[in-house]
Amino acid sequence: MLVKLADRLHNMRTLEFLPEERQISIAKETMEIYAPIANRLGMGRLKNELEDLSFRYMHPRESEDLQNSVSEKLAVSADLVERIKSTLQTKLRDNEISGDVNGRVKSMYSIWSKLQKQEIDIGQLYDYIGFRIITGNIKDCYAALGIIHQMWRPVPGRIKDYIAMPKPNFYQSLHTTVVAEKGQPFEVQIRTKDMDLIAEQGIAAHWKYKEGRMGAQADDKNFLWLRQLVEWQNDIKDPRVFMHSLKIDLYPDEVYTFTPKGDVFAFPRGATPLDFAYRIHTDVGHHCVGARVNGKLVALRTPLRNGDIVEIVTSPTQTPSREWVNMVVTSRARHKIRHWLNTEQKQRSIDLGKKLVEKEAKRYRVGWRKLVAENALDGVLSEYGLARLEDLYADVGYGKVSPRSIVERFISDEQKETAPTDEGVLQKAVRKIFPFTGTSTAIKVKGYDDLMTYLAKCCNPLPGERIVGYVTRGKGVAVHSANCPNVKNLMFNPDREIAVEWADQRQAQFQVELEVLMEDRQGILARVVSTIAGLKTNIRQMDSRTLDGRATAELVLEIADMKHLEKVTRSIEGLDGVMQVERKFNVRHATA
C-alpha cells in the first residue's frame, strides 16, 4: 500500500506531461481513492499533497485564482503572522515550556473545500493561516493551550482534544481557533514530537517504531483496518466489487452513494434522494419528482444508506415545495430550496402588489404610471425604508402594506369622500386570486385592521404564549407559537413575518395535543381521564398504545389558555405512574 501511494504521488508530480483528458481522469481517481486512503492511514503530509495536486488539474482556474488570492492576503498579513509567532514563542519561554512554533498556510484544497461548504468567497475567509506548536510532552501541550486562551479569545465550538480521543487513523493533537487583537481568527495545533511524526507519516511512523519488536503490541488495533483491507483483497475476486467496498469504508462517518454511471458522492448520515439530486445539479434538484434506489422507486424523504445506487427522476413541470426544506440535511440543498421558494414567492407578491396598487389608483382616478415615471414615489419608499418600487409592491402583495395607504397620498379630500366604500380593498382583491380560509378573531395584527388571520395547525398556539405572525400564500396571516419547530427550523422568510398579538378571548377554546407516557398498569388511563374531567376540560380525541411495560396516550383537549394548559399538565404529572407529559407539535402541517 505504501509503495502504491508513493508511486501515485510520483505520477501526480509528473502529470503535466500527459494529455488533458488523462490528467483529469487520474486526478479524479487520486482525489476519490488515494488521498482518502492516505488519510485513513494517518499520512497527513501525503494526503495534503495528493489533494492539492488533484485540485490543480481538476479545477485549474479555481486553483490558480485561489493561489493568487491567498498570496495577496498573505502579503497583507505577513507582519501579523510574524507577530503572533513571536508572541507564542515568548510566552512559551516565559512559562518554561520547551516547544517549537511554526506558522503555515492551510492546503489549497482544504481552503477551497471550506469555501464551497460554507458558500462564501475568499474575502470572507479569515482562518486560512495556522500555527503548530511542537512540545516535549503531553503536559506541556495542555499548558500551552491554557496560555493561548489567556492571550486570545477562543472561538466556541472550535476546541478539539484529539489527544484524549484520537481519530480512527491514530491522529493526536490539540486544536483551537482564537481571535487575534485585530479580529483575525487563526488556528493553533499543539502536539508532541511523536504525535507530529505520526500525524505527518501515519502508519509508516508506527512501523518505524515497531522495527525489531516481536509479538502483539498495544497499538496493534490501529492496524485492524489495513488487515481487513488485505483480507477483502484476497476474498473478493472482482476488482470492481473490491473498489466499491473500499470506497464505502474510506468514509466511515458518511453515507457513500453512487450514480448509475459509477460516480461517487459522500453525504452526512440522514441524507435523502433530494440531497443527492441537488448534489448533481441545482436544476436536477428543482425538477426532482422521485428516485430509484438500487432499482426500486422510493419516497424523496427516504434516508440513503452506504452503497446505494441512486437514479433521480425529473419532470420539467416539477418545482420545489416548502416541505422539501425538512427533507434534506445538506446545507447546499437547503439553501437552494429556500432561495427558489423565496424568489418565486417574492415575484408573485410583486405581481400581486402591483395589481392591487394599480387597481386602487384606478378607483380614485390617479395616474399611477405617470407618478412612477416622474419618480414621485421616492418619498413613499424612503418612509417605508425601501430601496426599490418592487420592494413596495412585494410588501403590498405580502399583505404588510395597504394599497390604499399608498394611493391616498396622491388624492384630494374630495376624491376620498366620493370613493366607493366597500369591503377592505386588499382582502377583496386578494380573494379573487386566492381563496382565503376563515379568520381567527382571537388574533390582532399590529397596525392593521383588515388582515385575515388563523391559528397554524402545526402548533395550535394558546392565549398567553408568545406568538409569531407569518403572511402565507393565499391564506392570510398564519399565527404560530414562538416555540413551534417550524419557527425554530428557520422556515420563514423575514419579509413575510408580521407582528401579531392576542385579542380578548375569554370564552374561546383551543385544541391542544398532549402525549402522556406512563407505566402500563391497570386503571392508570382511567385516572388520567378522570383527572382531566375533574378540571372541566373536554377531551376531543384519544388514542393509546402499550409497548415494553409502558403505555402512551395521545389526547386532544379543549384548552382556554396557557394557564389552563399548565394546570392540566401539572395535575396529570402528579398522578402515580405517570412518567412524562409533553405537548405535541405537528410539523407536517406547516403552511407556505
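Two strands are taken to pair if DSSP finds at least two bridges between them. Helices (H or I, at least four residues) and strands (E, at least two) are DSSP runs, numbered from the N terminus. The structure is a predicted model, in which local features need pLDDT of at least 70 and side-chain atom pairs count only at pLDDT 80 or more, while totals for chains, interfaces and linings use all residues. Residues are numbered from 1 along each chain as its sequence is written, and side-chain values use heavy atoms, with hydrogens and water left out.

Confidence was examined through pLDDT, the predictor's confidence in each residue on a scale from 0 to 100. The mean pLDDT of the protein is 81, and 81% of the residues reach 70 or more. Residues 421-426 have pLDDT below 50, and this stretch has 13 contacts in the model beyond near neighbours in sequence, contact meaning heavy atoms within 4.5 Å. Over residues 429-438 pLDDT likewise stays under 50, and the model has 24 contacts for them beyond four places in sequence.

Strands of a sheet pair through backbone hydrogen bonds, either parallel or antiparallel. An open sheet of 4 strands has the order β13-β15-β14-β16, and its pairing is mixed. At its edges stand β13 and β16 (497-498), each of which pairs on one side only. Strands β14 and β16 run antiparallel and are joined by 2 bridges; Y470 has E497 in β16 as its bridge partner. The loop between β13 (453-455) and β14 (467-471) contains N460. This residue has a positive phi of about 45° although it is not a glycine. N460 is partly exposed, with a relative accessible area of 27%; buried means under 20% relative accessible area, exposed over 50%, and partly exposed in between (1.4 Å probe, protein chains only).

A second open sheet consists of 3 strands in the order β10-β9-β11, with antiparallel pairing. Because β10 and β11 (310-314) stand at the edges, each with a single partner strand, one side of each is left without a neighbour in the sheet. Neighbouring strands of this sheet are turned by 35° against each other on average, direction ignored. The antiparallel pairing of β9 with β11 extends over 5 bridges, and G290 stands opposite V313 in β11. Helix α11 (residues 273-280) lies across β9, β10 and β11 and runs at about 80° to β11. For such values, axes are lines fitted to C-alpha atoms, for helices over the stretch in contact, and angles run from 0 to 180 degrees between N-to-C directions.

N294 is located in the loop between β9 (288-293) and β10 (296-298). Most residues other than glycine have a negative phi. The phi of N294, a residue other than glycine, is positive and near 55°. N294 is partly exposed, its relative accessible area being 42%.

Strand β20 (residues 550-559) is mostly covered, with 8 of its 10 residues buried. Strand β18 (residues 510-519) pairs with β20 in the antiparallel sense over 10 bridges, and E515 stands opposite E554 in β20. Antiparallel pairing also links β20 to strand β19 (residues 539-547), over 8 bridges; here T546 stands opposite A551 in β20. Between β19 and β20 there are 2 residues, the two strands forming a hairpin, and D548 in the turn has a positive phi of about 50°.

Two packed helices are described by the angle between their axes and the distance between the axes. For helix α3 (residues 44-58) and helix α5 (residues 108-118), the axes come within 8 Å and cross at roughly 65°. This angle makes α3 roughly perpendicular to α5, where angles under 35 degrees count as roughly parallel, over 145 as roughly antiparallel, 65 to 115 as roughly perpendicular and the rest as oblique. E51, D52 and F55 of α3 make the contact with M108, Y109 and W112 of α5. By class, this contact of α3 with α5 has 4 nonpolar, no polar and 2 charged residues. In this scheme Ala, Val, Leu, Ile, Met, Phe, Trp, Tyr, Cys and Pro count as nonpolar, Asp, Glu, Lys and Arg as charged, and the others, Gly among them, as polar.

The loop between α3 and α4 (60-94) holds H59, which is partly exposed with a relative accessible area of 24%. The C-alpha atoms of H59 and I24 are separated by 9.0 Å, the two residues being 35 residues apart along the chain.
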